[in-house]
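Here are my notes on this one, jotted down as numbered points. Have the model open while you read.

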Amino acid sequence: MQAEPQAVGDWLRGLQARIVESIERADGGRAVRDAWHKPPGEPLQGEGLTCILEGGDLFERAGCGFSHVRGPRLPPSATQHRPELSGAPFEAMGVSLVFHPRNPYVPTVHMNVRMIAALPADAEPVCWFGGGMDLTPYYGFEEDAVHFHRSCRDALAPFGEDKYPRFKSWCDEYFCLKHRGEQRGIGGIFFDDFSELGFERSFGMLQSVGDAFLPAYMPIVERRRDMAWSERERDFQLYRRGRYVEFNLVWDRGTHFGLQSGGRTESILLSMPPQASWAYRREEAPGSAEARLYTDFLPRREWL
């Protein structure tokens with residue numbers, strides 16, 4: 001990859017470092033930094049840095065990974081909308097994170113920013129960007145949802161008024177447990193196969209989204225981290241985490257891309273919570289805070 005994609009990699013590494021340092025300050029713990037390299041003979045070549053903070057006072061598990069990999073052929077999950085590139089060699093780089101807080105009143109969050117470049121033998125490289133962020137509360141607060149969506153809207157505003165409503169709708173469609181007809185959380189923004197602004201402006205949009213993550217999420221963390229909770233809230237948190245696991249293993253294209261392309265399994269599955277639970281036909285008491293998640297927060301709606 002040439003100079004332009006190299007700039008993407010440099011920025012992604014810096015973004016990861018800033019985010020990991022921020023959560024370390026908030027938690028008081030220290031993330032393990034696991035640098036890895038794919039040796040010759042592996043399906044993929046490349047390297048990365050996986051950072052994991054586990055067992056902290058604030059974050060029960062917070063994973064933030066950077067990867068830069070190369071492979072001989074794009075996996076099916078990457079060419080659903082670009083069949084002409086099927087089987088082309090490729091390079092991919094990105095930062096992906098999922099934070100699972102200990103306090104059930106602090107929402108789980110996901111963010112991903114990435115670039116993929118297809119390298120067909122008989123044509124110029126084709127680069128595109130993808131990513132976004134979404135919030136998964138266990139107990140809903142209107143002001144948190146509004147703040148998160150406002151941050152997403154403001155990050156995209158310089159790149160066109162159409163971007164936030166378009167990517168918000170895309171996020172709602174994507175982060176849906178289709179086998180249950182249920183949203184994973186209150187959404188955010190999501191985009192994929194994006195190159196319509198040209199390389200520089202599309203990269204600029206990616207940077208704006210990545211840079212907006214900490215201001216979108218950390219004020220919510222600070223508002224909720226000291227709220228008192230009991231086994232009731234913990235039980236509901238673990239139950240809803242089960243839904244998170246279902247989505248990531250059944251529907252998530254990033255998980256599928258990593259596993260299909262021969263990526264590093266430990267890093268791909270950093271999104272998994274340390275504990276989760278399932279129950280058969282669980283029902284919440286009408287009018288309870290748990291029931292309000294289903295009635296007032298998970299159904300798709302406009303937050304701004």
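1. Glu143, Asp144, Arg223 and Arg224 are tied together in a network of salt bridges (a salt bridge being a side-chain nitrogen of Lys or Arg within 4 Å of a carboxyl oxygen of Asp or Glu). The structure has 30 salt bridges. Asp144 also turns up in the lining of the second largest cavity, for which see point 7.

2. A word on the basis: this is a predicted model, with local features needing pLDDT of at least 70 and side-chain atom pairs counting only at pLDDT 80 or more, while totals for chains, interfaces and linings use all residues. Residues are numbered from 1 along each chain as its sequence is written, and side-chain values use heavy atoms, leaving out hydrogens and water.

3. Have a look at Arg114 and Asp192, whose side chains form a salt bridge at 3.4 Å, N to O. The pair joins distant parts of the chain, with Arg114 in strand S5 and Asp192 in strand S9, 78 residues apart (strands are DSSP runs of E, at least two residues, and helices runs of H or I, at least four, both numbered from the N terminus). Arg114 and Asp192 are both buried (under 20% relative accessible area, with exposed meaning over 50% and partly exposed in between; 1.4 Å probe, protein chains only).

4. Two other salt bridges for comparison. Arg292 and Asp296 pair at 3.1 Å, N to O; they sit four residues apart in helix H8 (residues 289-297), so about one helical turn separates them. Arg292 counts as partly exposed because its relative accessibility is 35%, and Asp296 is partly exposed at 29%. Arg33 bridges to Glu24, with the closest N and O atoms 2.8 Å apart. Here Arg33 is partly exposed at 35%, whereas Glu24 is buried at 11%.

5. Where is the largest cavity lined? A cavity here is a set of points on a 1 Å grid over the protein atoms alone where a 1.4 Å probe fits but cannot get out, and lining residues have an atom within 4 Å of a point. The largest has a volume of about 810 Å³ (the space filled by probe spheres set on the points, which are joined across faces, edges and corners). Its lining takes in 40 residues, with Ser96, Asn112, Gly254, Thr255 and Phe257 nearest the centre. S4 (90-101) is among the elements that supply at least two lining residues, as are S5 and S9; the largest share, six residues, comes from S4.

6. A polar atom of the Thr255 side chain lies 3.3 Å from the backbone oxygen of Asn248. Beyond four places in sequence, Thr255 is in contact with Asn248, Ile268 and Leu269 (contact means heavy atoms within 4.5 Å).

7. The second largest cavity has a volume of about 60 Å³. Its lining divides into 10 nonpolar residues, one polar and one charged, and includes Tyr105, Leu135, Phe141 and Phe297.

8. Last one: Ser151, in helix H2 (residues 142-156), counts as buried at 15% relative accessibility. The Ser151 side chain reaches the backbone oxygen of His147 at 2.9 Å. Leaving out residues up to four places away in sequence, Ser151 touches Ala212, Pro215 and Ala216.

Key. Polar contact = N/O pair within 3.5 Å; in protein donor to acceptor, adjacent residues only side chain to side chain. 1 Å grid on protein atoms, 1.4 Å probe; cavity = no way out; pocket = protein on both sides within 12 Å on 5 of 7 lines; lining within 4 Å. Nonpolar A, V, L, I, M, F, W, Y, C, P; charged D, E, K, R; others polar.
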